[in-house]
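Q: Walk me through this structure, please. Start wherever you like.

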Amino acid sequence: MLEVIQIPSLNDNYIYLAHCNETGDTAVIDPAVADLPLKIASKNGWKINYILNTHHHYDHIGGNLEIKQQTGCKIVGYGDDAARINGIDIKLNANDKFKLGNSTADILPLFGHTIGHIAYSFKDDNILFSGDVVFPLGCGRVFEGTMAQMWHSIKILRALPDQTKIYCAHEYSQENARFAITIEPDNIDLIKRIVEIDALRQKSLPTVPSIIAEEIATNPFFRADNINLAKNLGFNNSKVNDDDALTIFSEIRQRKNKF
C-alpha cells in the first residue's frame, strides 16, 4: 500500500517520502533538509501530512520546521526525546502503533545510537524506516546508549521478516564492506554482496534498501553470535551464548570505530 521515494541529500543522507496510494496520506521520514522533499512531493501531487523522525540528530530533523510551516503537517517522534525534536506534535512511546493512511507502523525502541531512537516498521508492507541503527553491512555508532542496548536493538531487527526492506538514512555500504571483509574473509555471501555493492556505486546507484535476510547473512553486527565469525575473532568455545555475543558485538563495534 505504501509507495516510497528515496531522496539523496547532503553528503550521504537519504530522506524518504512514504505515500499511501489508497488515501493519499504522505509522510517525510528524517528530513535533513526541507527543499528536496517539498519539491518532490509537489511534483507528484502529494500533500505532506506527517514528518516521521527516528531520532534527534540534526541531519534527521533539519527540515522539520520549514516543512511544517509550508504544509501544516504534524511532526511525529519519540515522546521521551521531545525536547530535542524540533516542532514535535505527536509523541510516541515504545511499542505504540502509528497509522499512515491504511498502513500501520509498529514503533520499535532501538536504543544505542541515541537513547531516544525509534524505527517505524510497516510489517504488512515489508518496510522498515530504521534511521541510524542499521546500514547495509553496518550499524550506527553507539553515541549515547550502551553496547548492550545496541546489541538488543540489532536482535529486535533480526526478528523481523526476512524480506523486510531496510530504508536506512545513510549511504555507507562501501566503507562498511571494506570493514566487514576483515571480520569474515571466508563468508561467500559477503564476498558476493561486496561485488554487487561496488557495481551499484560505480554507477552512482543506491545500495539502500537492503533486506533483513541479507544482513543476517553478511552484516558482522547481525552475526555477533555466529560461531564462525566468533572463531575469526579468537573465540574458541563450541557455542556462543548471549553474554559472549555482547562481548563479540562490542569488539566488532570498537574495531569499526578505529577502522
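**Notes on the model**

A: E10 is the element that gives the most to the lining of the largest cavity, namely 3 residues. Strands (E, at least two residues) and helices (H or I, at least four) are DSSP runs, numbered from the N terminus.

Q: Before that goes further, what sort of model is it?

A: It is a predicted model, where local features need pLDDT of at least 70 and side-chain atom pairs count only at pLDDT 80 or more, while totals for chains, interfaces and linings use all residues. Residues are numbered from 1 along each chain as its sequence is written, and side-chain values use heavy atoms, with hydrogens and water left out.

Q: Ok, back to the cavity. Which residues line the largest cavity?

A: The lining consists of Tyr-14, Tyr-16, Ile-29, Asp-30, Phe-129, Ser-130, Gly-131, Tyr-167, Cys-168 and Ala-169. A cavity is a set of points on a 1 Å grid over the protein atoms alone where a 1.4 Å probe fits but cannot get out; lining residues have an atom within 4 Å of a point.

Q: Which strands each supply at least two residues of that lining?

A: Strand E2 (13-20), E10 and strand E13 (165-168) do.

Q: And how much space lies in the largest cavity?

A: About 40 Å³. That volume is the space filled by probe spheres set on the points, which are joined across faces, edges and corners. A search of the whole structure finds 1 cavity of 30 Å³ or more.

Q: What is the lining of the largest cavity like by class?

A: By class, 7 of its residues are nonpolar, 2 are polar and 1 is charged. Here Ala, Val, Leu, Ile, Met, Phe, Trp, Tyr, Cys and Pro count as nonpolar, Asp, Glu, Lys and Arg as charged, and the others, Gly among them, as polar.

Q: Now pockets. What is the volume of the largest pocket?

A: The largest pocket has a volume of about 270 Å³. A pocket is an open set of points with protein on both sides within 12 Å along at least five of seven lines.

Q: Which residues lie nearest its centre?

A: Of the 16 lining residues, Phe-135, Cys-139, Arg-141, Tyr-172 and Arg-253 lie nearest the centre of the largest pocket. H5 and H9 are the elements that give two or more residues to this lining. The lining has 6 charged residues, along with 5 polar and 5 nonpolar ones.

Q: Sheets next. In what order do the strands of the open sheet come?

A: The order is E7-E8-E9-E10-E13-E14, so 6 strands, and the pairing is mixed. Two strands pair if DSSP finds at least two bridges between them.

Q: Which strands stand at the edges?

A: Strand E7 (97-100) and E14 stand there with a single partner strand each, so one side of each has no neighbour in the sheet. E7 runs antiparallel to its partner, strand E8 (residues 103-109), and 4 bridges join the two. Leu-100 is opposite Ser-103 in E8.

Q: What about strand E5, is it mostly covered or mostly open?

A: Strand E5 (residues 74-78) is mostly covered, with 4 of its 5 residues buried. Buried means under 20% relative accessible area, exposed over 50%, and partly exposed in between (1.4 Å probe, protein chains only). Strand E4 (residues 48-52) runs parallel to E5, joined to it by 3 bridges, and Ile-51 has Ile-75 of E5 as its bridge partner. E5 also pairs with strand E6 (residues 90-92), again in the parallel sense and over 3 bridges; there Gly-77 stands opposite Lys-91.

Q: Which members of the largest nonpolar core touch the most other members?

A: They are Leu-108, Leu-128, Ile-154, Leu-157, Ile-248, Phe-249 and Ile-252, out of 29 residues. A nonpolar core is a set of buried Ala, Val, Leu, Ile, Met, Phe, Trp, Tyr and Cys residues joined through side-chain atoms within 4.5 Å. Helix H4 (147-158), helix H5 (173-183), helix H8 (227-232) and helix H9 (242-258) each supply at least two residues of this core. H4 provides the largest share, 5 residues. Apart from this core lies another, of 25 residues, among them Tyr-14, Ala-27, Ala-105 and Cys-168.

Q: Last topic, the backbone. Where is there a cis peptide bond?

A: Between Val-208 and Pro-209, with omega about 10 degrees. Pro-209 sits in the loop between helix H6 (188-202) and strand E14 (210-211).

Q: Which residue has a positive phi of about 65 degrees?

A: Leu-137, which is not a glycine. Leu-137 is in the loop between strand E11 (134-135) and strand E12 (138-139) and is buried, at 1% relative accessibility. Asn-126 also has a positive phi, near 55 degrees, and is partly exposed at 30% relative accessible area. Most residues other than glycine have a negative phi, and most peptide bonds are trans.
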